[in-house]
Amino acid sequence: MLLRPDMAQEVVMLGTGNAFLPYGRYHSFAMIDGKHVIDCPPTALASFRRTGVTVSDIETIFITHVHGDHVFGFPFFLLERQYISDRALSKPLTVVAAPGVQERLRQLCQLAYPGSLDAIFSTIQWREEIEGELECGMTWRRFAVHHDESVDPYGYHFNPGKEGSFVHSGDSGPCEALYREMGQSSMTILEMGLPEWVESDHHHKPSDVEKIAASLPGVQLVITHTFIDTPQVGRTPTVTDVYPTHPPNVHHAEDELRLVRDGSVWSLTS
Ligand SMILES: [Zn+2]
């Protein structure tokens, strides 16, 4: 019997920007062990090409919610596989998502390329369970977060209960359910979509990140879905290109940041 690696070893931040694409960033997008991705943003193909990922090597997409900056790359993802990297439609693709997402993505594909994606769409294995396990042994738990209710928002806890487990917040403002999961993880990819002056609690702001970092000092926080340009791009800032002074357990990610796990510690490389 083959030994199954049941723990994720590496996460690559394929994109780290919010919906407005701050300078130097593609939309927030993360890849686990070179074969699973979280969401499928409009810039997904650009991220794959830049990082040198073969699109058909992706086996699983975890969907957090159906806002455009998280799923509008899905028709292009299928188009690329069907016509370029998997013309025989022989590579397996699983989509892990809440009930209802399948129909939304079907409509999206139908709108983008009427009829053309039917063949590949029919090969997708849909997994709607809240908790599950992939063939490679990686497990997930999906939990509701605080965001726009009309897009059914969730975060994911990967390998919960195991050493080195990690959380992806999806899009969420301050949320007790999210903080509970984070408290049981060693690392969390946390969105920080808004500056202080925007009146909304649907995303984290720098002051929220500061608070949660202080209350969970043993959890490494990696910031994504940011409103802040990559520093030193040298253009007039989209909103700002200055990072807040974060607590020591917070790291503001840049595109292509690589997180490598050793036990329960995730180290950052680029
Ligand atoms: Zn959203």
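Guide: Helix α1 lies across strands β1 and β2, and its direction makes about 120° with that of β1. Helices (DSSP runs of H or I, at least four residues) and strands (DSSP runs of E, at least two) are numbered from the N terminus. Axes are lines fitted to C-alpha atoms, for helices over the stretch in contact, and angles run from 0 to 180 degrees between N-to-C directions. The model is a predicted one, in which local features need pLDDT of at least 70 and side-chain atom pairs count only at pLDDT 80 or more, while totals for chains, interfaces and linings use all residues. Residue numbers start from 1 along each chain as its sequence is written.

Helix α1 spans residues 44–51, and Ala-44, Ser-47 and Phe-48 in it are buried. A residue counts as buried if 20 or more other C-beta atoms lie within 10 Å of its own, as exposed if 12 or fewer do, and as partly exposed in between, with C-beta atoms placed from the backbone. These three residues cover an arc of only 100° around the axis, which puts them on the same side of α1. The arc is that of the directions from the helix axis to the C-beta atoms. The cover over the buried residues of α1 includes β1 (10–15), β2 (29–32) and α3. Contact here means that the C-beta atoms of two residues, placed from the backbone, lie within 7 Å. After α1 comes Gly-52, with a positive phi near 80°.

β1 and β2 are antiparallel and pair over four bridges; two strands pair if DSSP finds at least two bridges between them. Met-31 in β2 is the bridge partner of Val-12. On its other pairing, β2 runs antiparallel to β3 (residues 36–38), and three bridges join the two. Among the partners here, Ile-32 is bridged to His-36 in β3, and Ala-30 stands opposite Ile-38. β2 and β3 make a hairpin with three residues between them, and Asp-33 in the turn has a positive phi of about 50°.

In a regular strand the side chains alternate between the two faces of the sheet. In β2, Phe-29 and Met-31 point one way while Ala-30 and Ile-32 point the other way, and all of these are buried.

These strands belong to an open sheet of eight strands with mixed pairing, in the order β6-β5-β4-β3-β2-β1-β14-β15. Its edge strands, β6 (125–127) and β15 (265–269), each pair on one side only. Neighbouring strands of this sheet are turned by 20° against each other on average, direction ignored.

Helix α4 (residues 101–112) has twelve residues and reaches 16 Å from its first C-alpha to its last, close to the 16 Å expected at 1.5 Å a residue; the expected span is 1.5 Å times one less than the number of residues. Val-101, Leu-105 and Cys-109 of α4 are buried. Seen down the axis, the buried residues of α4 fall within an arc of 70°, so they line one face of the helix. Glu-103, Gln-107 and Leu-111, on the other side of α4, are exposed. The buried residues of α4 pack against α2 (68–71), α3 (74–85) and α5 (118–121).

There is also an open sheet of seven strands, ordered β7-β8-β9-β10-β11-β12-β13, again with mixed pairing. β7 (131–133) and β13 (250–252) stand at its edges with a single partner strand each, so one side of each is left without a neighbour in the sheet. Within this sheet, β10 (residues 166–168) and β11 (residues 187–191) run parallel and are joined by three bridges. Helix α7 (residues 206–215) packs on the sheet, where it touches β11, β12 (220–224) and β13.

As for the whole, the protein has seven helices and 15 strands. Buried residues make up 44% of its 270 residues.
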